[in-house]
Each structure stands twice: as C-alpha cells, then as structure tokens.
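Hello,

Here is the structure I promised to pass on. My notes on it follow below; have a look when you get a moment.

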Amino acid sequence: MAKEPGTGGVRQTRPFLWLGHLPCLDLVNTEAVSEGKPVDMLAGAADLMAWLQEAGVVTESAARAAQEYGKAEMGAVFREALALRSSLRRMAERLTEGKGPTDEQLDVINRVLAERATHQKLVRKGKDYGLALVPERESAMQLLAPLAESAAWLLAEGDLTLLRRCENPKCVLYFYDITRNGRRRWCSMAACGSRAVLFALNTRRW
C-alpha cells in the first residue's frame with residue numbers, strides 16, 4: 001500500500017478491472033466477486049483518485065489540483081462516488097432486465113452532472129486547433145462529472161441492447177459489448193469465459 005498525499009488515506013495495491021468499455025460501467029465493476037466473496041476495490045479517497053487516473057477520466061492537472069483539496073472535501077467526493085456507483089449498478093440491473101432507469105437514478109446522475117461548470121477554449125493541437133473544456137469554477141466534486149457524463153451518454157445515445165451482465169451467475173460485472181458480432185457473453189475469457197469452457201468440457205458426454 002502507498003500513501004497518497006492530499007487524497008485522504010492509503011491506496012490499496014489491488015489491481016482495477018477495465019472490462020466495461022464505458023467509465024460508468026468500469027466504476028460499477030469496482031465491486032466484484034473473488035472466490036465467492038465480495039470485493040470492493042475502492043476502500044477510500046486514495047483508491048478513488050488512483051482509479052480516476054487509471055480510467056483516464058481526470059487529467060494530470062486535475063489530479064495535481066486534487067492534492068490541494070482537504071480531507072473533508074475528498075471524503076465527500078468519495079461518498080458521492082459510492083452513491084453514484086450504487087445507483088449505476090441498480091440502473092444497469094434494470095436496463096439488462098429490459099426496464100428503464102428510475103427517476104431517483106436519473107437524479108443521482110444529474111446531481112453529479114450539475115457539478116460541471118465549464119467553457120470552451122481554443123487550443124493548439126500540433127499544427128491544428130481544437131476545443132477544450134476549461135472549468136469556470138473549481139470543485140472537488142467535478143472529478144466525478146466524467147462518470148455521470150458516461151452514464152448520460154449510455155442512456156441518451158448508446159445502444160442499451162449492448163449493455164450486458166456477465167453470464168456467469170456468480171459474477172457481478174457489467175460491460176458494453178463492442179465486439180464486431182455483438183455476442184460477447186463473459187466479463188473476460190481469461191476469467192469467467194475459460195471457466196465456462198472447462199465446465200462444458202468436463203460435463204460433455206462422449
């Protein structure tokens with residue numbers, strides 16, 4: 001474990017899972033099951049900051065700025081992240097059952113979206129130009145805005161038929177199927193997929 005300055009605690013060394021293909025689903029997948037026992041990969045604000053950086057949803061400058069936030073601020077961000085994760089999991093469960101999100105689940109997403117206050121800025125990109133979003137007000141809670149934006153994209157523009165739960169009944173991971181044939185069944189072939197293949201081989205009648 002390693003001490004993370006300014007992020008409110010000690011970071012765990014457990015690796016994160018990147019199987020969901022959408023940040024909002026990867027956040028849901030920070031809760032998993034290992035050897036039949038629940039595993040939470042976010043034990044504190046330090047874990048959350050490490051996850052946000054690995055997920056690529058916060059810039060290096062935002063990560064450095066987060067080191068200036070106090071323990072109370074980062075604690076509030078961590079609690080909001082857990083509330084968002086819980087709401088997104090329930091939403092994913094409903095969507096994969098063919099149901100729509102509840103008003104409460106939409107309210108949680110919109111609450112986090114409301115933290116985003118930005119304006120566009122023209123920036124150089126090599127010999128070309130592009131637009132970048134620049135915060136108009138600084139808030140620790142803005143660290144979570146990209147996750148809510150990912151969930152909003154899923155609902156507003158994504159194909160909900162491609163949102164799946166791993167077919168291993170003991171697995172609790174979700175993913176957005178971006179395979180060419182749209183027939184992905186497992187969180188990963190290295191985990192649940194390989195176990196399913198071995199089970200089928202062991203139970204096949206010759």
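The largest cavity has a volume of about 40 Å³, and the structure holds one cavity of 30 Å³ or more. A cavity here is a set of points on a 1 Å grid over the protein atoms alone where a 1.4 Å probe fits but cannot get out; lining residues have an atom within 4 Å of a point. Its volume is the space filled by probe spheres set on the points, which are joined across faces, edges and corners.

This is a predicted model, with local features needing pLDDT of at least 70 and side-chain atom pairs pLDDT 80 or more, while totals for chains, interfaces and linings use all residues. Residues are numbered from 1 along each chain, and side-chain values use heavy atoms, without hydrogens and water.

The cavity lining consists of C24, L25, V28, L88, M91, A92, L95, L154 and L163. Two or more of these residues come from each of α1 (23-28) and α4 (71-96), and α4 gives the largest share, four residues. Helices are DSSP runs of H or I with at least four residues, and strands are runs of E with at least two, numbered from the N terminus.

Elsewhere, β3 (residues 31-34) and β4 (residues 37-40) run antiparallel, joined by four bridges; strands pair if DSSP finds at least two. V33 stands opposite P38.

Best wishes

How values were computed. 1 Å grid on protein atoms, 1.4 Å probe; cavity = no way out; pocket = protein on both sides within 12 Å on 5 of 7 lines; lining within 4 Å.
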